[in-house]
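Please look over the sequence and the 3D structure below, and keep both at hand while reading the paragraphs that follow.

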Amino acid sequence: MTETTAPRRPLAVFDIDNTLADTGHRQHFLEQRPRDWDGFFGAAPADPPLAPGVALAVESAADCEVVYLTGRPERCRADTADWLARHGLPEGRVWMRGDRDRRPARVTKLEVLRRIARGREVRVLVDDDQLVCQAARAAGFRVLLADWAAEAPELKSAQESERGSRT
């Protein structure tokens with residue numbers, strides 16, 4: 001089989017915030033009203049990595065093409081790419097929300113997941129958002145709930161309200 005006819009590897013789809021990146025240090029931006037989304041996303045380059053998520057992404061790269069599905073807005077692309085590379089994560093396409101897209105994560109992520117699954121096997125979605133996981137599971141995707149980050153109640157509330165998801 002030539003490279004052009006070889007089947008493409010299945011996809012392992014990873015969320016970023018609170019799956020690979022620990023957002024705990026920037027939660028305070030979401031505790032004020034109105035929420036400071038610019039401050040929240042602006043502090044993302046300082047996120048420490050979450051070892052269980054990073055290890056799973058690296059391990060998944062042995063059998064799958066790793067891609068990232070995040071609720072971070074498009075304006076965060078350069079910082080996100082730098083963060084992924086700096087922490088040794090596998091190279092892969094990063095799917096981000098539009099800068100003005102404020103729909104809930106369970107809607108936006110499922111929409112993108114269905115799009116990337118056309119003609120590709122999605123072996124697993126790894127995400128910390130229970131509502132995203134429920135929606136993906138109901139749509140027939142295999143899901144792993146990333147439960148290794150500390151609870152982030154303001155973030156959980158915010159991702160389903162005025163901003164939509166952030167991860």
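A12 stands opposite V124, a residue of β4, where strands are DSSP runs of E with at least two residues and helices are runs of H or I with at least four, both numbered from the N terminus. This is a predicted model, in which local features need pLDDT of at least 70 and side-chain atom pairs count only at pLDDT 80 or more, while totals for chains, interfaces and linings use all residues. Residues are numbered from 1 along each chain as its sequence is written, and side-chain values use heavy atoms, leaving out hydrogens and water.

β1 and β4 run parallel and are joined by four bridges, and two strands count as paired if DSSP finds at least two bridges between them. β4 also pairs in the parallel sense with β5 (residues 143-145), over three bridges, and there L125 has V143 as its bridge partner. Five of the six residues of β4 are buried, that is, under 20% relative accessible area with a 1.4 Å probe and protein chains only, whereas over 50% is exposed and anything in between is partly exposed.

In the loop between α2 and α3 lies A44, which counts as buried because its relative accessibility is 4%. Leaving aside neighbours within four places in sequence, A44 is in contact (heavy atoms within 4.5 Å) with R26, R72 and W83.
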